[in-house]
Amino acid sequence: MSLIGRGLVLAGVAVVAAAGTAFANGDVSKTTSGSSNNGDLGAQVKGVTITSSSKAGSSAKPLSSSDVSWTPPPCWIGPIGGPAEFKKMVEKQVKDTDSYPGQANYAMEAMDEYRRHYEEGYTWQGGGDGYKNFNLDQEGKGQFWGPFENPASDSIHKFDCNSTLPMWVPNGQQPPAGTPNVITTAMLAKIAAAHTQVPGVSIETNPRGTQTVNLPTWVKLRDNFAPVTVRATVDLGGGATLWAETTAKTDSVHIDPGTPDAQVFPGGGDCPVGADGSVGADYNGNPKATPPCGVTYQHSTQNRGPFQLNVTAVWGVTWQGSDGDGGTLAPGTISDPTPITVREIQTVNR
């Protein structure tokens, strides 16, 4: 039995990892697609393309799940690339292994078997049929699929996919039924959710700066709270794709004045998100008007330090996939307190 067949190499990963690299891919690079006006962003998680409609701009924050048990997929089996690209990857892995200082002979022999499996048709027990010249004669007709490690995962299971040898899959198809850890729309939905950026909850107050006892403080959020869609897509080749799209949406943000000696507007403190994504409003010039989002403090902060006006947005997350699957994911919460100083006078110039 070959060195690989005896488990010394798992999908070419164990040996290559010793050389400081890994077959399973986890690199992340980001690019911008579309105009800066619409905020569409693109990111490339190796093998998965991610696009987002977020308009959060510089205030963007990752939408962390409120469910501590929620985790993105630690690894998956997905398209690596066509024959020419795959050949370059394997040859680099072999070179990196051979050139690693102090590398054991068995490791180099195992990686040579791995190369021969795809180049010379070499086959070992349980390894499946070998390939000739990396299927270069099939360029444009399919891709090699193999393991990917999720760079965002700290799970001990992120290496579970590495025991699956890369395999040839014709365009528009997926690996044979029963292949473990093959990427699904449900997995793509979690990847999309993990890359969702929503606006922070930074506020503007009117009056600006120090507030006044018994005078309404108008609260306005600086950013746009329109729903955020994120799509994660896998290219199956031949124009076919597998995708999942998540939508994060919040209908209101909650304001907590940081003291029981205050009145919030609206009652209950849930400020609605407008159809245009806005929350709150600027002071309208009427001293008797009730702010659509705000608070009236009934005591000053003298001798007690500022109140912490805390604004919280809870984003519900739903998803749908190209295969008709869909559902609901754990919601995410963004919260940030703002210190508010309140003075004890009865009039103020706005």
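Biologist: To what number does the count of aromatic pairs come by this rule, the rule being that ring centres lie within 6.5 Å?

Modeller: The model is a predicted one, and by this rule the count comes to 12 aromatic pairs. A pair of aromatic rings is described by the distance of the centres and the angle of the planes. Let us begin with Tyr 118 and Phe 144. Their ring centres are 5.8 Å apart and their planes stand at 85 degrees, so this pair is edge-to-face; the cut-off for that class is an angle over 60 degrees. The pair links distant parts of the chain, since Tyr 118 belongs to helix 3 (residues 105-119) and Phe 144 to strand 6 (residues 142-149), 26 residues apart. Both Tyr 118 and Phe 144 are buried.

Phe 144 also takes part in a pair with Trp 168. Here the centres lie 5.3 Å apart and the planes meet at 70 degrees, so the pair of Phe 144 and Trp 168 is edge-to-face. Again distant parts of the chain are linked: Phe 144 is in strand 6, whereas Trp 168 is in strand 7 (residues 167-170), and 24 residues separate them.

How far are these two residues shielded? A residue counts as buried when its relative accessible area is under 20%. Phe 144 has a relative accessibility of 0% and therefore counts as buried. Trp 168, with a relative accessible area of 18%, is buried because this value is under the cut-off.

These residues can now be placed in a wider group. Tyr 118, Phe 144 and Trp 168 form one aromatic cluster together with Phe 86, Tyr 114, Tyr 131 and Phe 134.

Arg 116 lies over the face of Tyr 122, at 4.3 Å from the ring centre. Arg 231 is placed over the face of Trp 243, with a distance of 3.8 Å from the ring centre.

Strand 11 (residues 217-221) is joined to strand 17 (residues 294-297) by 2 bridges, and the two run antiparallel. Both strands belong to an open sheet of 4 strands, in the order 9-11-17-15 with antiparallel pairing.

Key
Residues are numbered from 1 along each chain as its sequence is written. This is a predicted model: local features need pLDDT of at least 70, side-chain atom pairs count only at pLDDT 80 or more; totals for chains, interfaces and linings use all residues. Side-chain values use heavy atoms; hydrogens and water are left out. Two strands pair if DSSP finds at least two bridges between them. Rings of Phe, Tyr and Trp (its six-membered ring) pair if their centres lie within 6.5 Å; planes under 30 degrees apart count as stacked, over 60 as edge-to-face and the rest as tilted. Buried means under 20% relative accessible area, exposed over 50%, partly exposed in between (1.4 Å probe, protein chains only). A charge sits over a ring if NZ of Lys or CZ of Arg is within 6 Å of the ring centre and within 35 degrees of the ring normal.
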